[in-house]
Amino acid sequence: MRDLTLEIVRRLSVRNLEIARNGKALLTVPRLSLDGPGPTLILGPNGSGKSLLLRCLHGLIAPDRGQVEQDGAPLGLEHKARQAMVFQQPVLLRRSVAANLDFVLKRQGVPRRIRKTRIEELLDEGGLEGKARQSARSLSGGEAQRLAILRALALDPETLFLDEPTSALDPGATQTIERMIQRASNRGVRIVMVTHDIGQARRLAADIVMMQGGRVVEHGAAKQLLDAPESDASRRYLAGGLVT
Ligand SMILES: Nc1ncnc2c1ncn2[C@@H]1O[C@H](COP(=O)(O)OP(=O)(O)O)[C@@H](O)[C@H]1O
Ligand SMILES: [Mg+2]
């Protein structure tokens, strides 16, 4: 567990970011600075560039122009090593639940004896303590996503990116995962998460980045943005209107 008193706020920022394909601008973000404790939720309609932005922040996609910075320095390997990402469809090894966690810990050079204890802690955290020996491929959707989050947490990340981790899940499974994310945030893991679920943003977010048409139309404290949005695009989206 990280000591919160030693925690410095990590500023993740974006300058003059542009991504285009076939002459069409997909992402245009002149400035965005994530410097609160989070969780930060990225909200917006389908195709608004949420996943592209998240992938840029994680360094999975190199932008055509501009750059991502952490604490004022270009995002480098040492930053990426402290980031983890969870995708909409969990990516798991065709092995047991415990082996999926062991793989990640072993790759980080964690000694066998410590791995065993850490795996137990992680299974407990994800409510999978009875499933250690079960094949990961036979888990339910919610369990599989919990395991994917545990694999990310096993990396002891400073920043955890999640791209619509609950969009395929029912309300009960969603609630369990939201609690895991909230606990990670409380322990000091910086959460940056994409959702199109306004209720989820209301439950989890400290700040919200609202996107539309490849642009950030608004970024602000969650309660204020949800209750009194400043942009027409945010207002229409929150009212459930069609935003194109
Ligand atoms: N590799 C790519 N090539 C061309 N277009 C892409 C590529 N990746 C994403 N897009 C387009 O960029 C837009 C934003 O995509 P995305 O970030 O996935 O949206 P969201 O996650 O908000 O639903 C969409 O119109 C999508 O079709
Ligand atoms: Mg997406």
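**Figure 1. Surroundings of S234 in the predicted model.** In this predicted model, S234 touches M210, V217, E218 and P229 when residues up to four places away in sequence are not counted. S234 is found in helix 9, which covers residues 232-238, and the side chains of S234 and S231 are joined by a polar contact of 2.8 Å. With a relative accessibility of 0%, S234 counts as buried, because the limit for that class is under 20%.

**Figure 2. The nonpolar cores and the contacts of I208.** The largest nonpolar core holds 45 residues, of which L147, L160, L162, I191 and I208 touch the most other members. Helix 5 gives the most to this core, with seven residues. Apart from this core lies another, of 22 residues, including V14, I19, C56 and V209. In soluble globular proteins, nonpolar side chains tend to be buried together. The contacts of I208, leaving out residues up to four places away in sequence, are with L41, L43, A201, E218, H219, G220, A222, L225 and L226.

**Figure 3. The largest pocket and its lining.** The largest pocket has a volume of about 350 Å³, and its lining is made up of 15 residues, with M85, F87, R151, A152 and L155 lying nearest the centre. Strand 6 (83-86), helix 3 (97-107) and helix 5 (141-153) each supply at least two residues of this lining, and strand 6 gives the most, with four residues. Divided by class, the lining of the largest pocket consists of 10 nonpolar, two polar and three charged residues.

Figure 4. H58 lies in the loop between helix 1 (50-57) and strand 4 (65-70). Its relative accessible area is 12%, so H58 is classed as buried, the cut-off being under 20%. Leaving aside neighbours within four places in sequence, H58 is in contact with L75, K80, Q83, A84, M85 and F161.

**Figure 5. The largest cavity.** The structure holds one cavity of 30 Å³ or more, and the volume of the largest cavity is about 30 Å³. The residues that line the largest cavity are R10, R11, L12, Q70, T159 and R190, and by class they divide into one nonpolar, two polar and three charged.

Figure 6. Most residues other than glycine have a negative phi, and most peptide bonds are trans. The peptide bond from G38 to P39 is cis, with omega near 0°, and P39 has its place in the loop between strand 2 (24-34) and strand 3 (40-43). Phi of D156 is positive, near 50°, in a residue other than glycine, and D156 lies in the loop between helix 5 and strand 7 (159-163). E164, also a residue other than glycine, has a positive phi near 45° and is placed in the loop between strand 7 and helix 6 (171-186). D156 has a relative accessible area of 42% and is therefore partly exposed, this class running between the 20% and 50% limits, whereas E164, with a relative accessible area of 9%, is buried.

Key:
Residues numbered from 1 in each chain as written. Chains lettered and ligands numbered in written order. Predicted model: local features only at pLDDT ≥ 70, side-chain atom pairs only at ≥ 80, totals over all residues. Heavy atoms only, no water. 1 Å grid on protein atoms, 1.4 Å probe; cavity = no way out; pocket = protein on both sides within 12 Å on 5 of 7 lines; lining within 4 Å. Points joined across faces, edges and corners; volume = space filled by probe spheres on them. Nonpolar A, V, L, I, M, F, W, Y, C, P; charged D, E, K, R; others polar. Buried < 20%, exposed > 50% of the residue type's maximum accessible area, 1.4 Å probe, protein only. Contact = heavy atoms within 4.5 Å. Core = buried A, V, L, I, M, F, W, Y, C linked by side-chain atoms within 4.5 Å. Polar contact = N/O pair within 3.5 Å; in protein donor to acceptor, adjacent residues only side chain to side chain.
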